[in-house]
Amino acid sequence: MSLPEAISGLRSIVGNDAVLDRPEDLMLYEYDAGVRKSTPGAVVFPQNAQHVSQIMMLASAAGIPVVARGAGTGLSSGAISHAGGIVVAFARMNRILEIDVENLRAVVQPGVVNLQLSEYVSHLGFYYAPDPSSQKACTIGGNVAENSGGPHTLLHGVTVNHVTGVEVVLPSGEIVKFGGKAAESHGYDLTGFFVGSEGTIGIATAITVKLLRKPEAVATLLAIFESVDDAARTVADITAEGITPAALEMLDGWTLRQVEAYCHAGYPLDAGAVLLIELEGLREAVEEEAVAAGKVCLLQKAREVRRARDEEERALLWKGRKTAFAALGRVSPSYYTQDGVVPRSKIPAVLQHIGDVAKKHDLIIGNVFHAGDGNLHPLILFDDRDAAQFERVMAASSSILQYCIDVGGSITGEHGVGLEKRDAMPLLFTEEDLAIMTDLRNAFNGDEVLNPGKMLPAPRMCREITGRSRNAILAQEGL
Ligand SMILES: Cc1cc2nc3c(=O)[nH]c(=O)nc-3n(C[C@H](O)[C@H](O)[C@H](O)COP(=O)(O)OP(=O)(O)OC[C@H]3O[C@@H](n4cnc5c(N)ncnc54)[C@H](O)[C@@H]3O)c2cc1C
């Protein structure tokens, strides 16, 4: 079946107004928030699981690759289509289907925007805990595919800890259900397997998530430091004191100045770094922990520890953190967001390494990240019209990732592997590990109609990388 025939088949499934194929429309779907581009052949907007099922049957029969798309805020090029492939976009499957207060569950369509769920149940005293910094835009379908985290991951865990069931359309078009409303299900944990599978197993058409009761009390602190190093050392000291903040975020001085100029969050312009620390729970415990966390900061040479006096001040401090990426968009044509992980105690050393890498490659690198999780987000500024500069960005980025691995960390904390980190997978996993993962994917998506080429490297690549010096291959692959 040719692409034009497939497009007319899509129109008969979802209607004329739910398929895009004009070049000027397709351009809008050729990228996500990462740095790669590829133009799809068509974009289709299903309205229910049956539509998705019929689309998958058609695409599988035609052998046309399909990729699901939420809001396109992904940072690992996961939602990028194969050239000429079909994008299944969930903008019209954005309804909250059920709020089940007795069982503390919500059932949502995949296109529901993350923050909208918390806003929807707020008057009942509940919220949905996973809160990526992109939560005003990203969808719960995308969060499930990426197993997304966020500032409050430190206390509440990532998306997989909050999803109990998924309705999934398989590449064959079959509609299956993994899990349900119960906290545990028998047999293999297919829900857990699906969350984080980056759209390579099936397409989620309904998701059952946990709702949490809002905490009785919240304290938000801004600890201000003269140096990045002092702030970095404080992170591990706070948890070593037995305090588990709900969130523990860090911005370096350069980044906080860009943020302050953008949204006036109240960050001091002359600081070397700030920590944003949030504690939540029962009132008395929060008070005690806020005092204890403040003391640790002062012991580690914090110049000052401020506490948000009311909800308005708290929201402003968070606005600064959550719009930091946007703030950098004002000072550079492009930036590359890395997503490495290190053990918390290694944060001072890795920040030092990032500073050295920036100097060596003559680049500006800002740091704003989930410090409590050791989840770094170096933001490397560049101009995408300058190919030589982009090469330096990639070299800097690989050096940072390699450092994370060398100190016992990982290549991604929350943004996923996608295309971006696919060829770095053999740095962490053996050929045998990757073969098992490939077999698992193939049990569901053997023809790779769904999101081909993402997350798992081709076997040849694994053999090459595990068989030879990893550093040599990295250099050769430009990683
Ligand atoms: C400013 C900014 C801040 C960010 N902050 C964070 C953060 O704090 N934490 C974090 O974890 N991430 C963060 N991200 C990354 C991104 O927002 C998340 O990965 C998010 O989950 C992507 O959701 P999306 O709806 O945009 O998905 P998309 O980018 O559209 O898709 C992402 C992946 O999900 C798959 N997918 C989408 N819908 C479905 C579905 N229904 N079924 C199966 N697969 C599907 C796609 O095929 C693709 O592989 C940030 C991004 C930006 C731009």
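Ala42 has Ile86 as its bridge partner in β4. The model is a predicted one, in which local features need pLDDT of at least 70, side-chain atom pairs count only at pLDDT 80 or more, and totals for chains, interfaces and linings use all residues. Residues are numbered from 1 along each chain as its sequence is written. Strands, here and below, are DSSP runs of E with at least two residues, and helices are runs of H or I with at least four, both numbered from the N terminus.

Strand β2 (residues 42-44) pairs with strand β4 (residues 86-89) in the parallel sense, over three bridges; two strands count as paired if DSSP finds at least two bridges between them. Opposite Val87 in β4 stands Val43. β4 also pairs with β3, again in the parallel sense, over four bridges, and here Val66 stands opposite Ile86. Strands of a sheet pair through backbone hydrogen bonds, either parallel or antiparallel.

The open sheet has four strands in the order β1-β2-β4-β3, with mixed pairing. Its edge strands, β1 (19-20) and β3, each pair on one side only. Helix α3 (residues 49-62) packs on the sheet and touches β2, β3 and β4, and its direction makes about 170 degrees with that of β4. Such angles run from 0 to 180 degrees between N-to-C directions, and axes are lines fitted to C-alpha atoms, for helices over the stretch in contact. Contact between two residues means that their C-beta atoms, placed from the backbone, lie within 7 Å.

In a regular strand the side chains alternate between the two faces of the sheet. Both faces of β4 are covered, with Ile86 and Val88 buried on one side and Val87 and Ala89 buried on the other. Buried means that 20 or more other C-beta atoms, placed from the backbone, lie within 10 Å of the residue's own.

The ligand is surrounded by 36 residues, of which Gly70, Gly74, Gly78, Gly142 and Gly199 are the closest; a residue is near a molecule if its C-beta atom, placed from the backbone, lies within 6 Å of it. The elements that give two or more residues to this shell are β3 (66-69), α5 (140-146) and β10 (203-210). α5 gives the most, with five residues. Domain 1 (3-89) and domain 2 (96-213) each supply at least three residues to the shell, the domain bounds coming from an automatic or database domain assignment.

Methods. Buried ≥ 20, exposed ≤ 12 C-beta atoms within 10 Å, placed from the backbone.
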